[in-house]
Amino acid sequence: MKKFVLRRLLMAIATMWVIITITFVMMHSIPGDPFAKEGKMPERVYENLRAQYGLDKPLAEQYVIYLKNIVRGDFGQSMKSQAETVNQMIRRGAPVSAQIGLQAFVVAMILGPALGSIAALYQNKWPDYVTMIIAIIGISVPSFIFATLLVQFVAKNVAWLPISGWGEFRHSILPSLALALMPMASSARLMRSSMLEVLGQDYIRTARSKGLSQFKVIMNHAVRNAILPVVSTLGTTLSGLLTGSFVIEKIFGVPGLGSFLISSITNRDYTLIMGTTIFYSAVLIVLLLIVDILYVVIDPRIQLTGGKR
(Lines give C-alpha, C1' and ligand atoms only; values in the text may rest on other atoms or scores of the structure.)
Protein backbone atom coordinates (compact mmCIF):
# COMPACT_ATOMS: atom_id res chain seq x y z
CA MET A 1 0.00 0.00 0.00
CA LYS A 2 2.84 2.41 0.85
CA LYS A 3 4.54 1.77 -2.49
CA PHE A 4 1.24 2.34 -4.29
CA VAL A 5 0.67 5.67 -2.52
CA LEU A 6 4.27 6.78 -3.10
CA ARG A 7 4.09 5.95 -6.81
CA ARG A 8 0.83 7.84 -7.19
CA LEU A 9 2.26 10.78 -5.25
CA LEU A 10 5.32 10.99 -7.51
CA MET A 11 3.07 10.86 -10.57
CA ALA A 12 0.95 13.68 -9.11
CA ILE A 13 4.03 15.86 -8.54
CA ALA A 14 5.28 15.22 -12.08
CA THR A 15 1.86 16.03 -13.53
CA MET A 16 1.69 19.25 -11.53
CA TRP A 17 5.11 20.30 -12.83
CA VAL A 18 4.03 19.67 -16.43
CA ILE A 19 0.86 21.75 -15.93
CA ILE A 20 2.82 24.62 -14.36
CA THR A 21 5.31 24.56 -17.22
CA ILE A 22 2.67 24.46 -19.95
CA THR A 23 0.65 27.24 -18.30
CA PHE A 24 3.74 29.43 -17.92
CA VAL A 25 4.82 28.94 -21.53
CA MET A 26 1.33 29.54 -22.92
CA MET A 27 0.87 32.73 -20.91
CA HIS A 28 4.12 34.16 -22.19
CA SER A 29 3.37 33.06 -25.75
CA ILE A 30 0.26 35.23 -25.97
CA PRO A 31 0.93 38.26 -28.17
CA GLY A 32 0.81 41.59 -26.41
CA ASP A 33 1.60 42.80 -22.94
CA PRO A 34 -0.40 42.94 -19.68
CA PHE A 35 0.25 46.67 -19.45
CA ALA A 36 -0.23 47.50 -23.13
CA LYS A 37 -3.84 48.65 -22.58
CA GLU A 38 -3.01 51.28 -20.01
CA GLY A 39 -3.44 54.10 -22.50
CA LYS A 40 -0.76 56.72 -22.88
CA MET A 41 1.39 55.37 -20.10
CA PRO A 42 4.75 57.09 -19.73
CA GLU A 43 7.59 54.92 -20.92
CA ARG A 44 9.31 55.15 -17.53
CA VAL A 45 6.20 53.92 -15.71
CA TYR A 46 5.78 51.12 -18.23
CA GLU A 47 9.36 49.92 -17.73
CA ASN A 48 9.00 50.12 -13.93
CA LEU A 49 5.87 47.95 -14.05
CA ARG A 50 7.62 45.35 -16.19
CA ALA A 51 10.58 45.36 -13.80
CA GLN A 52 8.26 45.07 -10.77
CA TYR A 53 6.75 41.85 -12.11
CA GLY A 54 10.01 40.53 -13.54
CA LEU A 55 8.83 40.73 -17.15
CA ASP A 56 12.08 42.42 -18.16
CA LYS A 57 14.09 39.30 -17.30
CA PRO A 58 14.82 36.45 -19.77
CA LEU A 59 12.01 33.92 -20.00
CA ALA A 60 14.12 31.09 -18.55
CA GLU A 61 14.97 33.21 -15.50
CA GLN A 62 11.30 34.16 -15.06
CA TYR A 63 10.42 30.46 -15.16
CA VAL A 64 12.94 29.52 -12.46
CA ILE A 65 11.77 32.38 -10.22
CA TYR A 66 8.14 31.38 -10.72
CA LEU A 67 8.87 27.75 -9.84
CA LYS A 68 10.61 28.84 -6.63
CA ASN A 69 7.62 31.00 -5.70
CA ILE A 70 5.17 28.16 -6.43
CA VAL A 71 7.15 25.81 -4.17
CA ARG A 72 6.75 28.41 -1.39
CA GLY A 73 3.03 28.66 -2.18
CA ASP A 74 3.33 32.24 -3.46
CA PHE A 75 1.35 32.99 -6.64
CA GLY A 76 2.52 36.58 -6.70
CA GLN A 77 0.81 39.94 -6.94
CA SER A 78 -2.14 40.50 -9.24
CA MET A 79 -1.14 42.70 -12.16
CA LYS A 80 -4.47 44.53 -12.18
CA SER A 81 -5.60 44.47 -8.55
CA GLN A 82 -2.86 46.14 -6.56
CA ALA A 83 -4.83 45.82 -3.32
CA GLU A 84 -4.66 42.01 -3.19
CA THR A 85 -2.26 39.22 -3.96
CA VAL A 86 -3.36 36.22 -6.02
CA ASN A 87 -3.24 34.10 -2.84
CA GLN A 88 -5.66 36.48 -1.11
CA MET A 89 -8.05 36.43 -4.07
CA ILE A 90 -8.00 32.63 -4.16
CA ARG A 91 -8.62 32.45 -0.41
CA ARG A 92 -11.58 34.79 -0.84
CA GLY A 93 -13.15 33.12 -3.87
CA ALA A 94 -12.36 29.43 -3.37
CA PRO A 95 -14.54 28.88 -0.25
CA VAL A 96 -17.56 30.31 -2.07
CA SER A 97 -17.10 28.01 -5.07
CA ALA A 98 -16.28 25.13 -2.74
CA GLN A 99 -19.51 25.54 -0.77
CA ILE A 100 -21.64 25.43 -3.89
CA GLY A 101 -19.60 22.57 -5.33
CA LEU A 102 -19.78 20.44 -2.17
CA GLN A 103 -23.51 20.93 -1.85
CA ALA A 104 -23.99 19.99 -5.49
CA PHE A 105 -21.73 16.96 -5.02
CA VAL A 106 -23.71 15.69 -2.02
CA VAL A 107 -27.00 16.09 -3.88
CA ALA A 108 -25.68 14.40 -7.03
CA MET A 109 -23.95 11.51 -5.25
CA ILE A 110 -26.96 10.71 -3.07
CA LEU A 111 -29.75 11.07 -5.61
CA GLY A 112 -27.83 9.76 -8.64
CA PRO A 113 -26.89 6.27 -7.36
CA ALA A 114 -30.22 6.00 -5.55
CA LEU A 115 -32.20 6.71 -8.72
CA GLY A 116 -29.95 4.41 -10.74
CA SER A 117 -30.46 1.57 -8.28
CA ILE A 118 -34.23 2.04 -8.30
CA ALA A 119 -34.24 2.06 -12.10
CA ALA A 120 -32.27 -1.22 -12.20
CA LEU A 121 -34.47 -2.93 -9.62
CA TYR A 122 -37.59 -1.95 -11.57
CA GLN A 123 -36.19 -2.49 -15.05
CA ASN A 124 -38.67 -1.78 -17.85
CA LYS A 125 -41.25 -0.51 -15.37
CA TRP A 126 -42.45 3.01 -14.73
CA PRO A 127 -39.75 3.88 -12.07
CA ASP A 128 -37.12 2.91 -14.64
CA TYR A 129 -38.72 5.03 -17.36
CA VAL A 130 -39.13 8.07 -15.10
CA THR A 131 -35.55 7.84 -13.85
CA MET A 132 -34.10 7.53 -17.33
CA ILE A 133 -36.16 10.48 -18.58
CA ILE A 134 -34.75 12.58 -15.73
CA ALA A 135 -31.23 11.33 -16.54
CA ILE A 136 -31.55 12.10 -20.26
CA ILE A 137 -32.82 15.61 -19.46
CA GLY A 138 -29.98 16.14 -17.01
CA ILE A 139 -27.34 15.10 -19.52
CA SER A 140 -28.89 16.89 -22.50
CA VAL A 141 -29.80 20.21 -20.90
CA PRO A 142 -26.77 22.44 -20.18
CA SER A 143 -26.47 23.60 -16.60
CA PHE A 144 -26.81 27.26 -17.52
CA ILE A 145 -30.19 26.60 -19.16
CA PHE A 146 -31.36 24.70 -16.09
CA ALA A 147 -30.11 27.60 -13.96
CA THR A 148 -32.12 30.03 -16.06
CA LEU A 149 -35.22 27.86 -15.65
CA LEU A 150 -34.69 27.77 -11.90
CA VAL A 151 -34.49 31.54 -11.84
CA GLN A 152 -37.62 31.87 -13.96
CA PHE A 153 -39.91 29.28 -12.36
CA VAL A 154 -38.59 28.75 -8.84
CA ALA A 155 -36.97 31.89 -7.52
CA LYS A 156 -39.78 34.12 -8.74
CA ASN A 157 -42.44 31.91 -7.15
CA VAL A 158 -40.65 30.97 -3.91
CA ALA A 159 -39.86 34.17 -2.07
CA TRP A 160 -37.26 32.70 0.30
CA LEU A 161 -35.05 31.51 -2.58
CA PRO A 162 -33.17 34.58 -3.88
CA ILE A 163 -32.16 34.92 -7.52
CA SER A 164 -28.74 36.37 -6.78
CA GLY A 165 -26.47 37.50 -4.00
CA TRP A 166 -24.42 35.79 -1.33
CA GLY A 167 -24.22 35.68 2.44
CA GLU A 168 -26.83 33.17 3.59
CA PHE A 169 -27.37 29.46 2.98
CA ARG A 170 -30.47 30.09 0.90
CA HIS A 171 -28.34 31.98 -1.63
CA SER A 172 -26.47 28.74 -2.40
CA ILE A 173 -29.48 26.46 -2.95
CA LEU A 174 -30.34 27.29 -6.56
CA PRO A 175 -26.71 27.42 -7.80
CA SER A 176 -26.06 24.05 -6.14
CA LEU A 177 -29.12 22.47 -7.74
CA ALA A 178 -28.14 23.82 -11.14
CA LEU A 179 -24.64 22.36 -10.77
CA ALA A 180 -25.90 19.03 -9.43
CA LEU A 181 -28.23 18.12 -12.31
CA MET A 182 -25.67 16.85 -14.83
CA PRO A 183 -23.47 14.78 -12.45
CA MET A 184 -26.62 13.39 -10.83
CA ALA A 185 -27.94 12.27 -14.21
CA SER A 186 -24.58 10.77 -15.24
CA SER A 187 -24.18 8.84 -11.99
CA ALA A 188 -27.77 7.57 -12.24
CA ARG A 189 -27.19 6.14 -15.72
CA LEU A 190 -23.83 4.67 -14.71
CA MET A 191 -25.28 3.13 -11.55
CA ARG A 192 -28.22 1.64 -13.43
CA SER A 193 -26.05 -0.16 -16.00
CA SER A 194 -23.61 -1.34 -13.33
CA MET A 195 -26.44 -2.51 -11.09
CA LEU A 196 -28.07 -4.49 -13.89
CA GLU A 197 -24.79 -6.26 -14.57
CA VAL A 198 -24.23 -7.07 -10.90
CA LEU A 199 -27.78 -8.35 -10.38
CA GLY A 200 -27.15 -11.00 -13.03
CA GLN A 201 -24.02 -12.37 -11.33
CA ASP A 202 -23.91 -15.83 -9.74
CA TYR A 203 -23.04 -14.57 -6.26
CA ILE A 204 -26.29 -12.58 -6.16
CA ARG A 205 -28.28 -15.72 -6.93
CA THR A 206 -26.25 -17.59 -4.31
CA ALA A 207 -26.98 -14.94 -1.69
CA ARG A 208 -30.69 -15.17 -2.43
CA SER A 209 -30.63 -18.97 -2.30
CA LYS A 210 -29.15 -18.77 1.21
CA GLY A 211 -32.33 -17.08 2.37
CA LEU A 212 -30.95 -13.54 2.78
CA SER A 213 -33.55 -10.83 2.69
CA GLN A 214 -33.93 -8.73 -0.45
CA PHE A 215 -32.66 -5.67 1.44
CA LYS A 216 -29.45 -7.40 2.56
CA VAL A 217 -28.82 -8.83 -0.90
CA ILE A 218 -29.21 -5.42 -2.51
CA MET A 219 -27.31 -3.35 0.07
CA ASN A 220 -24.55 -5.78 1.13
CA HIS A 221 -23.82 -7.40 -2.22
CA ALA A 222 -25.34 -5.60 -5.21
CA VAL A 223 -24.89 -1.93 -4.30
CA ARG A 224 -21.42 -2.39 -2.86
CA ASN A 225 -20.10 -3.87 -6.10
CA ALA A 226 -22.23 -1.82 -8.50
CA ILE A 227 -21.12 1.50 -7.03
CA LEU A 228 -17.42 0.96 -7.87
CA PRO A 229 -17.70 2.56 -11.35
CA VAL A 230 -19.39 5.57 -9.73
CA VAL A 231 -16.60 5.81 -7.16
CA SER A 232 -14.02 5.89 -9.94
CA THR A 233 -15.63 9.09 -11.26
CA LEU A 234 -15.73 10.87 -7.90
CA GLY A 235 -12.42 12.65 -8.41
CA THR A 236 -13.26 14.39 -11.66
CA THR A 237 -16.84 15.03 -10.55
CA LEU A 238 -15.89 16.55 -7.23
CA SER A 239 -13.05 18.64 -8.65
CA GLY A 240 -15.31 20.05 -11.34
CA LEU A 241 -17.98 20.95 -8.82
CA LEU A 242 -15.59 22.29 -6.18
CA THR A 243 -14.06 24.74 -8.59
CA GLY A 244 -17.59 25.80 -9.48
CA SER A 245 -19.08 26.81 -12.77
CA PHE A 246 -18.20 30.15 -14.30
CA VAL A 247 -21.57 30.53 -16.01
CA ILE A 248 -23.56 29.42 -12.97
CA GLU A 249 -21.69 31.86 -10.76
CA LYS A 250 -22.35 34.60 -13.28
CA ILE A 251 -26.07 33.85 -13.55
CA PHE A 252 -26.63 33.85 -9.79
CA GLY A 253 -24.14 36.61 -8.98
CA VAL A 254 -21.97 34.32 -6.87
CA PRO A 255 -18.58 35.86 -5.91
CA GLY A 256 -16.66 32.63 -6.48
CA LEU A 257 -13.28 31.83 -7.94
CA GLY A 258 -14.71 31.64 -11.45
CA SER A 259 -15.37 35.38 -11.49
CA PHE A 260 -11.70 36.03 -10.77
CA LEU A 261 -10.59 33.76 -13.61
CA ILE A 262 -12.95 35.42 -16.08
CA SER A 263 -11.77 38.90 -15.09
CA SER A 264 -8.13 37.81 -15.23
CA ILE A 265 -8.55 36.61 -18.83
CA THR A 266 -10.24 39.81 -19.99
CA ASN A 267 -7.64 41.94 -18.16
CA ARG A 268 -4.65 39.85 -19.29
CA ASP A 269 -3.67 39.41 -15.65
CA TYR A 270 -0.90 36.84 -16.10
CA THR A 271 -0.30 36.11 -12.43
CA LEU A 272 -3.99 35.65 -11.63
CA ILE A 273 -4.57 33.43 -14.68
CA MET A 274 -1.64 31.19 -13.78
CA GLY A 275 -2.53 31.17 -10.08
CA THR A 276 -6.15 30.14 -10.57
CA THR A 277 -5.25 27.59 -13.26
CA ILE A 278 -2.63 25.96 -11.05
CA PHE A 279 -5.03 25.98 -8.11
CA TYR A 280 -7.72 24.25 -10.18
CA SER A 281 -5.18 21.68 -11.38
CA ALA A 282 -3.91 21.02 -7.87
CA VAL A 283 -7.45 20.38 -6.63
CA LEU A 284 -8.07 17.93 -9.47
CA ILE A 285 -4.79 16.05 -8.97
CA VAL A 286 -5.19 15.75 -5.19
CA LEU A 287 -8.76 14.49 -5.51
CA LEU A 288 -7.77 11.94 -8.16
CA LEU A 289 -5.00 10.72 -5.85
CA ILE A 290 -7.48 10.32 -2.99
CA VAL A 291 -9.93 8.47 -5.24
CA ASP A 292 -7.19 6.08 -6.43
CA ILE A 293 -6.43 5.18 -2.82
CA LEU A 294 -10.13 4.99 -1.91
CA TYR A 295 -10.79 2.69 -4.85
CA VAL A 296 -8.17 0.23 -3.58
CA VAL A 297 -9.62 0.37 -0.06
CA ILE A 298 -13.13 -0.38 -1.35
CA ASP A 299 -12.01 -3.16 -3.67
CA PRO A 300 -8.97 -5.00 -2.19
CA ARG A 301 -8.85 -7.26 -5.27
CA ILE A 302 -7.09 -4.48 -7.17
CA GLN A 303 -3.40 -5.28 -7.47
CA LEU A 304 -1.10 -2.68 -5.99
CA THR A 305 2.47 -3.52 -6.95
CA GLY A 306 4.39 -6.48 -8.24
CA GLY A 307 1.32 -8.65 -8.60
CA LYS A 308 0.52 -8.44 -4.88
CA ARG A 309 -2.95 -7.62 -3.65
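Ile20 is buried, with a relative accessible area of 7%. The cut-off for buried is under 20%, so Ile20 falls within that class. Ile20 sits in helix 1. This is a predicted model, and the values here are computed from it.

Ile20 and Met274 are 254 residues apart along the chain. Helix 1 covers residues 2-29, and helix 14 covers residues 270-298. Both helices return below, in the pockets.

## The chain overall

The chain has 309 residues, and buried residues make up 42% of them. The fold is built from 14 helices, with zero strands. Read along the sequence, the pattern is α-α-α-α-α-α-α-α-α-α-α-α-α-α.

The C-alpha trace spans about 85 × 60 × 30 Å along its principal axes.

## Salt bridges

How many salt bridges does the model hold? The count comes to three.

One joins Asp128 and Arg192, with the closest N and O atoms 2.8 Å apart. Asp128 lies in helix 5 (residues 126-140) and Arg192 in helix 7 (residues 173-199), so this pair ties together parts that are 64 residues apart in sequence. Are these two residues buried or exposed? Asp128 is buried, at 2% relative accessibility. Arg192 is buried as well, at 18%. Since the cut-off is under 20%, Arg192 still counts as buried.

Another bridge pairs Glu84 with Arg92. Their closest N and O atoms are 2.6 Å apart. Arg92 is partly exposed, with a relative accessible area of 44%. The remaining pair is Arg170 and Glu168, whose side chains meet at 2.7 Å, N to O. Arg170 is partly exposed at 29% relative accessibility. Glu168 is also partly exposed, at 43%.

## The largest pocket

The largest pocket has a volume of about 340 Å³. It is lined by 19 residues. Which of them are closest to its centre? They are Tyr53, Ile65, Tyr66, Asn69 and Thr271.

Three helices each supply at least two lining residues: helix 1, helix 3 (59-71) and helix 14. Helix 3 gives the most, with four residues. By class, the lining has nine nonpolar, eight polar and two charged residues.

## The second largest pocket

The second largest pocket holds about 150 Å³ of space. Its lining consists of Arg8, Met11, Ala12, Thr15, Leu284, Ile285, Leu288, Leu289 and Asp292. Six of these residues are nonpolar, one is polar and two are charged.

Helix 1 and helix 14 each supply at least two residues here. Helix 14 has the largest share, with five residues. Helix 1 and helix 14 also each give at least two residues to the lining of the largest pocket.

What makes up the nonpolar surface patch? Its members are Phe144, Ile145, Leu149, Phe153, Phe246, Val247 and Ile262. The patch covers about 600 Å².

Helix 6 (143-155) and helix 12 (246-251) each supply at least two of its residues. The largest share, four residues, comes from helix 6. Leu149 is found in helix 6. Leu149 is partly exposed, at 40% relative accessibility.

Methods:
Residues are numbered from 1 along each chain as its sequence is written. This is a predicted model: local features need pLDDT of at least 70, side-chain atom pairs count only at pLDDT 80 or more; totals for chains, interfaces and linings use all residues. Side-chain values use heavy atoms; hydrogens and water are left out. A salt bridge is a side-chain nitrogen of Lys or Arg within 4 Å of a carboxyl oxygen of Asp or Glu. Buried means under 20% relative accessible area, exposed over 50%, partly exposed in between (1.4 Å probe, protein chains only). On a 1 Å grid over the protein atoms alone, a cavity is a set of points where a 1.4 Å probe fits but cannot get out, and a pocket is an open set with protein on both sides within 12 Å along at least five of seven lines; lining residues have an atom within 4 Å of a point. Grid points are joined across faces, edges and corners, and a volume is the space filled by probe spheres set on the points. Ala, Val, Leu, Ile, Met, Phe, Trp, Tyr, Cys and Pro count as nonpolar, Asp, Glu, Lys and Arg as charged, and the others, Gly among them, as polar. Patches are made of residues with over 30% relative accessible area and no salt bridge: like charges are joined within 9 Å, nonpolar side chains (Val, Leu, Ile, Met, Phe, Trp, Tyr) within 5 Å. Accessible areas come from the Shrake-Rupley method with a 1.4 Å probe; for residues, only the protein chains shown count as cover.
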